[in-house]
Amino acid sequence: MRCVILDDYQDVATSYADWSVLDDVEPVPLRDHLEGAALDAALAGAEIVVAMRERTPFPASLLERLPDLRLLVTTGLRNASIDLGAAASQGVTVCGTESSSAPPVELTWALIHGLTRHLLVEATGLRRGERWQQTVGVELQGARLGLVGLGKIGTRVAAVGQAFGMDVVAWSPHLTTERAAAAGVRAVAKDELMATSDVVSLHLVLSPSTRGVIGADDLALMKHTAFLVNTSRAGLVETDALVDALREERIAGAGLDVYDVEPLPRDDVLRRLPNVLATPHLGYVSQDNYRRFFGQAVEDIAAWQAGRPLRVLTAPH
């Protein structure tokens, strides 16, 4: 059986798991991101596909063009880019893998530190032999961290902020005072969070109700010295409004790991704005997570072959 492994950008899928334990399965890793006819051609005849997170969407229209597909494995236990209902109607089993929340928490803080201490400017200047000490950093102790979303990841980000001596507040559409207090955080209204925070960090699940939850009016409330960090989903923020705020320097900067289109087009303005610290969706990219992703993908395939699929994902009723 042909097993296509999509979007293996670093060419590591076969080195983070032992694929030889699978019976009659040929793993075919694809390093380049494919779309349209090229994607159809790459998946033609494949009975098994392993998808990396939401890099390649699987809408009903694509699934209909893959009559040989029988098993679709996604890394992570949730993938909004797969039409689970369409997969079920075509007899395609969809399975997931576990995913650690530690890497996105850690990357969130890497971006916060990178922004507040101007690490890219200073490190690049040092390497190039430019002027010694070009910027003045911002202390986190005593500053306010505003979390938009206080779930599993947001709660861990909050704990780190508290360790730095920050005043941590949070808002989400359904956050209660009690749940915030349990995390040692104060729940506030969204307007207050946006207007008073020195760092705003997003940690919501993207859904129809949260898409564009941070818009132009919200960004207009931010201090001109404040930073926005998004390691969650690009759709939570109105991108055009954010670009305008950055261009006009109405906020100090943004740390971004997620984008409306990925990979980010070469001519995208977010690659060029000097007050943007951008990374290529590295939030979940770590050695331990890759061992988990690809090791459990192999487990999923073996269990499916045995007629006892693991971690099956189904459409909500």
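Biologist: Hi! How many nonpolar, polar and charged residues are in the lining of the second largest pocket?

Modeller: Hello! This is a predicted model, by the way. The lining of that second largest pocket has 20 nonpolar residues, eight polar ones and three charged ones.

Biologist: Nice. Which residues lie nearest its centre?

Modeller: Of the 31 residues lining the second largest pocket, Y259, V276, L277, A278 and T279 lie nearest its centre.

Biologist: And which elements give two or more residues to the lining of that pocket?

Modeller: Those are α4 (102-116), α5 (119-128) and β12.

Biologist: What volume does the second largest pocket have?

Modeller: About 690 Å³.

Biologist: Back to β12 for a moment. Where does β12 sit in its sheet?

Modeller: β12 comes at the end of the order β8-β7-β6-β9-β10-β11-β12, an open sheet of seven strands with parallel pairing. That makes for two edge strands, β8 (186-187) and β12 (276-278), and each of them pairs on one side only.

Biologist: Remind me, what do strands of a sheet pair through?

Modeller: Backbone hydrogen bonds, in either a parallel or an antiparallel arrangement.

Biologist: How many bridges are there between β10 and β11?

Modeller: Four bridges, in the parallel sense, with β10 covering residues 227-230 and β11 covering residues 253-256. As one example, V229 has G255 of β11 as its bridge partner.

Biologist: Which strands does helix α6 lie across?

Modeller: Helix α6 (residues 152-163) lies across β6 (144-148) and β7 (167-171), and α6 runs at about 175° to β6.

Biologist: Switching topic: how many cavities of 30 Å³ or more are there?

Modeller: The count comes to one. The space in the largest cavity is about 90 Å³.

Biologist: Which residues line the largest cavity?

Modeller: Its lining is made of L228, N230, A234, V237, T239, L242, L256, V258, Y259, D260 and L270. At least two of the lining residues come from β10, and at least two from α10 (239-247).

Biologist: How do the residues lining the largest cavity divide by class?

Modeller: Eight are nonpolar, two are polar and one is charged.

Biologist: Last one: which residues does the UniProt domain annotation cover?

Modeller: In the unreviewed UniProt entry, the annotation "domain: D-isomer specific 2-hydroxyacid dehydrogenase NAD-binding" covers residues 110-283. In the model, the end C-alpha atoms of that span lie 10 Å apart, and the span is 33% helix and 16% strand.

Note on methods:
Residues are numbered from 1 along each chain as its sequence is written. This is a predicted model: local features need pLDDT of at least 70, side-chain atom pairs count only at pLDDT 80 or more; totals for chains, interfaces and linings use all residues. Side-chain values use heavy atoms; hydrogens and water are left out. Two strands pair if DSSP finds at least two bridges between them. Contact means heavy atoms within 4.5 Å. Axes are lines fitted to C-alpha atoms, for helices over the stretch in contact, and angles run from 0 to 180 degrees between N-to-C directions. UniProt positions are given in the numbering used here, feature names are shortened, and annotations may be inferred rather than shown by experiment. On a 1 Å grid over the protein atoms alone, a cavity is a set of points where a 1.4 Å probe fits but cannot get out, and a pocket is an open set with protein on both sides within 12 Å along at least five of seven lines; lining residues have an atom within 4 Å of a point. Grid points are joined across faces, edges and corners, and a volume is the space filled by probe spheres set on the points. Ala, Val, Leu, Ile, Met, Phe, Trp, Tyr, Cys and Pro count as nonpolar, Asp, Glu, Lys and Arg as charged, and the others, Gly among them, as polar.
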